[in-house]
Amino acid sequence: MNFLEKLECLMDRYGLNKRTLSQNSDIPYTTIDGWYKKGYEGLKLTTLRKLADYFNTAIDYWVVDDITDPNYGKAFGFTLEYAEMDHIQKYRVLDEHGKEMVDSVLDIEARRCEEILARRQAEEAAAVGYDLPGPAENLIEIRFYPQTASAGYGEWLDDMDSYTIQVPDTPTTRRADFCLKVSGDSMEPRYFDGDLVFVKEQEDVEVGEYGIWIVDGYAYLKKRGEDKLISINPDYDDIEQGEDVRCVGKVIGKM
């Protein structure tokens, strides 16, 4: 499948046209229209990143014709390189004996390389008088609300009980004030049911940004419009902004 075939497939899946894709992904309409009229050679990396972020895919999905699965390379905290697919395909044709042999070699070599890396890191840390952090220090604590932020019809948030959870230490999680899970599909394909979103507390967000709003006691994850809160999924209505609509933060990332 080429780039346009993949784009058409995902646009059809989510009920999008060129205009709505432009509005939701922040890619200019003229750029999208130009792919159909003039071709898509010379695609900018920034544009590919916007497409990958919006449709929740790997960038490789758009640039490698042989990759036809939008879910390619997606796993929690893990990215699969395209070149590694060849190894996986070979592994799948092995019988049980062959897989046991490969697994044994992988385990031995992985331990050897981990030991070499650990020694090298310890030597470098000792050279500068730095205490090497252990695995536990790669996590930080963040406030978590067990109530969900609906990407659908809303979740009740009168009782704002929260507790702390540990998440990977990244620039995004360090900036976030709290996190909560997404419920529903009104913000697909950018945010999916079950996504953990990280939120920076603030009273409003700019037009085109994503935030968490409280509407009549219910929490919603929506995109800020000029005078309404936008649902990306066309199956859901937008929410008109009024005095009873309150922003509690900007969504700055997800997991």
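Analyst: Happy to; below, we take the labels one by one and set each value against its cut-off. Please keep in mind that this is a predicted model.

User: Thanks! What makes up the protein chain overall?

Analyst: The chain has 255 residues, and 37% of them are buried. It holds 8 helices and 12 strands. Its accessible surface comes to about 15,500 Å², with 49% belonging to carbon and sulfur atoms. As for contacts between residues at least 6 apart in sequence, 58% join residues at least 24 apart.

User: Why is the contact between E109 and R112 called a salt bridge?

Analyst: The label requires a side-chain nitrogen of Lys or Arg within 4 Å of a carboxyl oxygen of Asp or Glu. For E109 and R112 the N to O distance is 2.7 Å, so the pair meets the definition. Both residues sit in helix α7, 3 residues apart, which is about one turn of the helix.

User: How do you know that E109 and R112 are partly exposed?

Analyst: Partly exposed covers the range between buried, under 20% relative accessible area, and exposed, over 50%. E109 has 34%, so it is partly exposed. R112 has 41%, so it gets that label too.

User: What makes K254 and D195 a salt bridge, and which parts does the pair tie together?

Analyst: Their N to O distance is 3.9 Å, and the cut-off is 4 Å, so the pair counts. K254 is in strand β12 and D195 in the loop between β6 and β7, so the bridge ties together parts that are 59 residues apart in sequence.

User: Why does the bridge between E209 and K250 tie together separate parts of the sequence?

Analyst: The closest N and O atoms of E209 and K250 are 3.1 Å apart. E209 lies in the loop between β7 and β8 and K250 in strand β12, so the bridge ties together parts that are 41 residues apart in sequence. E209 has a relative accessible area of 23% and K250 has 22%; the buried label needs a value under 20%, so both count as partly exposed.

User: How many salt bridges are there in the whole structure, and which residues form a network?

Analyst: A search of the whole structure gives 13 salt bridges. K18, D33 and K37 are linked in a network of them.

User: What makes the surface patch with E100 negative?

Analyst: The patch is formed by D95, E96, E100, D103 and D107. E100 belongs to helix α7, which spans residues 96-127. At 51% relative accessible area, E100 is exposed, because the label needs over 50%.

User: And which residues make the nonpolar patch?

Analyst: V93, L94, V102 and L106 make it, and it covers about 340 Å². Val and Leu are among the side chains listed as nonpolar, so the name follows. L106 is found in helix α7. Its relative accessible area is 52%, so L106 is exposed.

User: Is E141 buried or exposed, and how do you know?

Analyst: E141 has a relative accessible area of 57%, and values over 50% are called exposed, so that is its label. E141 is in strand β3. Beyond its neighbours within four places in sequence, E141 is in contact with T164, I165 and Q166. Its C-alpha atom is 8.8 Å from that of P168, which is 27 residues away along the chain.

Key
Residues are numbered from 1 along each chain as its sequence is written. This is a predicted model: local features need pLDDT of at least 70, side-chain atom pairs count only at pLDDT 80 or more; totals for chains, interfaces and linings use all residues. Side-chain values use heavy atoms; hydrogens and water are left out. Patches are made of residues with over 30% relative accessible area and no salt bridge: like charges are joined within 9 Å, nonpolar side chains (Val, Leu, Ile, Met, Phe, Trp, Tyr) within 5 Å. Accessible areas come from the Shrake-Rupley method with a 1.4 Å probe; for residues, only the protein chains shown count as cover. Lys and Arg count as positive and Asp and Glu as negative; His and the chain ends are not counted. The place of a charge is taken as NZ of Lys, CZ of Arg, CG of Asp or CD of Glu. Helices (H or I, at least four residues) and strands (E, at least two) are DSSP runs, numbered from the N terminus. Buried means under 20% relative accessible area, exposed over 50%, partly exposed in between (1.4 Å probe, protein chains only). Contact means heavy atoms within 4.5 Å.
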